[in-house]
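Thanks for coming, everyone. I'll walk through one structure today, starting with charged pairs and ending with the chain overall.

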Amino acid sequence: MRKFGLALILLAALTACSTPSGSDTSGTAQPSGPGYYTAQKGDTLSSIARKFQLSNSTIINWNKLSDPNDIKVGQVLRVASQGARDSGTTTPRSVDNSAAANAASDEKDKIDWTWPASGKSTGGLGQGKKGIDIFGELGQPVLAAAAGKVMYSGSGIRGYGNLVIVKHNSNLLSIYAHNKTIVVKEGQMVGKGQQIAEMGKSDSNSVKLYFEIRRQGKPVDPSRYLPSR
């Protein structure tokens, strides 16, 4: 139940803003075929413009985008003139499309991180571990490791105690477990370094913060993201 419950929360957090392919947010069918491009995970207006060697303003004008910064997965965009669409010559001019997609995804992962608590840390990916333990004092501040939105705040997942999950972007989440007290609510926006809880030992036999970073739902080594100290 513990893993299943957390998996549902993570899935809900990662898919909260997704849009079905071929439809807009109202469910209306969108055009497809030559001259149109369906946005993928990690795409931005700039990365799509580079892929088709267009200007940002051209894509904005062709698609009447009211919020150019809000490109959704599955959104269909016009990326060619009428003549090019008729001829079918609308393949992206990037030599390596997968590399472009990876670059866009990596760009979204460039988040300003900080340590979520002071104290001695142990653990990391490997030997069955998914995160790190940070040992400290009962009641000391637990901080948001990066800016984001609180997607879960509660004690409903056995083994994690009082748990907070923060969503930072469409790829990354951070997890904070075993807290004494939670001081934020679901749906609340938090800044980097803002206190979100007090360190405790709920569902633990020692006072500590258990911390994870997950990318697309899978644990990643926190040392790749947190600054050295």
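Asp70 and Lys72 form a salt bridge, with their closest N and O atoms 2.4 Å apart. By salt bridge I mean a side-chain nitrogen of Lys or Arg within 4 Å of a carboxyl oxygen of Asp or Glu. Before going on: this is a predicted model, where local features need pLDDT of at least 70, side-chain atom pairs count only at pLDDT 80 or more, and totals for chains, interfaces and linings use all residues. Residues are numbered from 1 along each chain as its sequence is written, and side-chain values use heavy atoms, with hydrogens and water left out.

Back to the pair. Asp70 is partly exposed, at 35% relative accessible area. Lys72 is partly exposed too, at 22%. The cut-offs: buried is under 20% relative accessible area, exposed is over 50%, and partly exposed is in between, with a 1.4 Å probe and protein chains only.

How many salt bridges does a search of the whole structure find? Five. Side chains of opposite charge can pair when their charged atoms come close.

Next, Asp112 and Lys192. Their side chains meet in a salt bridge at 2.9 Å, N to O. This pair links distant parts of the chain, 80 residues apart. Asp112 is in the loop between helix H5 (97-108) and strand S3 (120-123). Lys192 is in the loop between strand S9 (189-190) and S10. Helices (H or I, at least four residues) and strands (E, at least two) are DSSP runs, numbered from the N terminus. Asp112 is exposed, at 52%. Lys192 counts as partly exposed, at 41%.

Now Glu212 and Arg214. Their salt bridge is 2.6 Å, N to O. Buried or exposed? Both Glu212 and Arg214 are buried.

**Rings**

Arg78 lies over the face of Trp62, 4.4 Å from the ring centre. The test is NZ of Lys or CZ of Arg within 6 Å of the ring centre and within 35 degrees of the ring normal.

The whole structure has four aromatic pairs. One of them is Tyr160 with Tyr210, a tilted pair: 6.5 Å centre to centre, 55 degrees between the planes. Rings of Phe, Tyr and Trp (its six-membered ring) pair if their centres lie within 6.5 Å; planes under 30 degrees apart are stacked, over 60 edge-to-face, the rest tilted. Tyr160 and Tyr210 are both buried.

**Cores**

The largest nonpolar core has 25 residues. Which have the most contacts inside it? Trp113, Tyr176, Ile196, Leu209 and Phe211. Strands S4 (132-135), S7, S8 (172-182), S10 and S11 each supply at least two of its residues. A nonpolar core here is a set of buried Ala, Val, Leu, Ile, Met, Phe, Trp, Tyr and Cys residues joined through side-chain atoms within 4.5 Å.

Take Ile196. Leaving aside neighbours within four places in sequence, Ile196 is in contact (heavy atoms within 4.5 Å) with residues including Val142, Val164, Tyr176 and Val184. A second, separate core has eleven residues, among them Tyr37, Ala39, Ala49 and Leu65.

**The whole chain**

The protein chain has five helices and twelve strands. Of its 229 residues, 41% are buried. Among contacts with a separation of 6 or more, 64% come from residues 24 or more positions apart.
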